Amino acid sequence: MNETELIEHYLQGLLTPEDRLLLEAKLLLYPDLKQKIELQSLVYDIAKVYGEQALRQDIATAERKLFTESRFQNFRSLIFNIFN
Amino acid sequence: MRTRESIILELYEEAFPEAAVFVRKMGGSLNDAKDIFHDALVIYYEQKLTLGFTPEQGHKVYLSGIVKNLWYKNYQKSKLIEPLADNMLFADDSPKVSIRLMRFLELSGKRCMELLSAFYFEKMPLADLVERFGFSGVRSATVQKFKCVTKLREAVRERTLKQEDFYE
């Protein structure tokens, strides 16, 4: 298991108790490792936010089509009637 | 294979009218209904991805339930959802990530960002990643995924050494 994989398993709580202890001992010896763990956790957050943003873009595109394209005229009439 | 956008479009067309009736009844506008439905779709999709479920009573009823919950949670008090700060994405439990940092990473490695978001956000199985990204096999996809995590981690480190836009 390389370091990145080890950190991922640590963050996901998938390490065995022995491996976890070993990693936590290394944390005391190597301050850089703590920073790597924090940064890697941030990378996962970024990947999730990036994915959510792409999802929001797809929703916005679908919405734009429904409210502009002629094939959805019946849908629009129904919605505009609700708000009139 | 159907695109996500076409699935969303169908869900929107099917479930939005009922949401709109509810929002109208509660005194909201069409824009309120659109905003709340947009958020409901994000929640619905994320729950579907995370829990891998198909609602027993159907998508329409489930989405309608989310819309009502969101209304009572966010709109009832102020009538409007508080706008997010300009430089932040997403409210509530979503991680707070600087847009500048995300744009920088997208510019420095779009394919990696797409790969990681497919795996960590969409929870796409490795076998599907192989197909979408054209890897030679599951092993190769796994190796590439970890290479991307390492690459982005280092990019974030270098970036944050230069300026403090870690979390804002």
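Leaving aside its neighbours within four places in sequence, which residues is Glu122(B) in contact with?

Analyst: Some housekeeping before the residue itself. This is a predicted model, where local features need pLDDT of at least 70 and side-chain atom pairs count only at pLDDT 80 or more, while totals for chains, interfaces and linings use all residues. Residues are numbered from 1 along each chain as its sequence is written, chains are lettered from A and ligands numbered from 1 in the order in which they are written, and side-chain values use heavy atoms, with hydrogens and water left out.

Now, Glu122(B). Setting aside neighbours within four places in sequence, Glu122(B) touches Arg4(B), Leu49(B), Ser117(B) and Arg132(B), a contact being heavy atoms within 4.5 Å. Leu49(B) is 73 residues from Glu122(B) in sequence, yet their C-alpha atoms are 6.0 Å apart in space. Glu122(B) sits in the loop joining H5 and helix H6 (126-133) of chain B; helices are DSSP runs of H or I with at least four residues, strands are runs of E with at least two, and both are numbered from the N terminus. With a relative accessible area of 18%, Glu122(B) is buried (buried is under 20%, exposed over 50%, partly exposed in between, with a 1.4 Å probe and protein chains only).

Zooming out for a moment, chain B has seven helices and zero strands. Of its 168 residues, 45% are buried. Take the contacts in chain B between residues at least 6 apart in sequence, and 54% of them join residues at least 24 apart.

On the H3(A) side, the contact includes Ile37(A), Gln40(A) and Tyr44(A), and on the H1(A) side Ile7(A) and Leu11(A) are among the residues involved.

Tyr44(A) brings us back to chain B. A search of the whole structure turns up 14 aromatic pairs over all chains; rings of Phe, Tyr and Trp (its six-membered ring) pair if their centres lie within 6.5 Å, with planes under 30 degrees apart called stacked, over 60 edge-to-face and the rest tilted. Tyr44(A) and Tyr120(B) make a tilted pair, 4.6 Å centre to centre with 50° between the planes. That pair crosses between chains, from helix H3 of chain A to helix H5 (residues 110-120) of chain B. Both Tyr44(A) and Tyr120(B) are buried.

A further aromatic pair, Phe75(A) with Tyr12(B), is edge-to-face at 6.4 Å and 70°. Here the crossing runs from helix H4 (residues 73-82) of chain A to helix H1 (residues 4-25) of chain B, and both of these residues, Phe75(A) and Tyr12(B), are buried.
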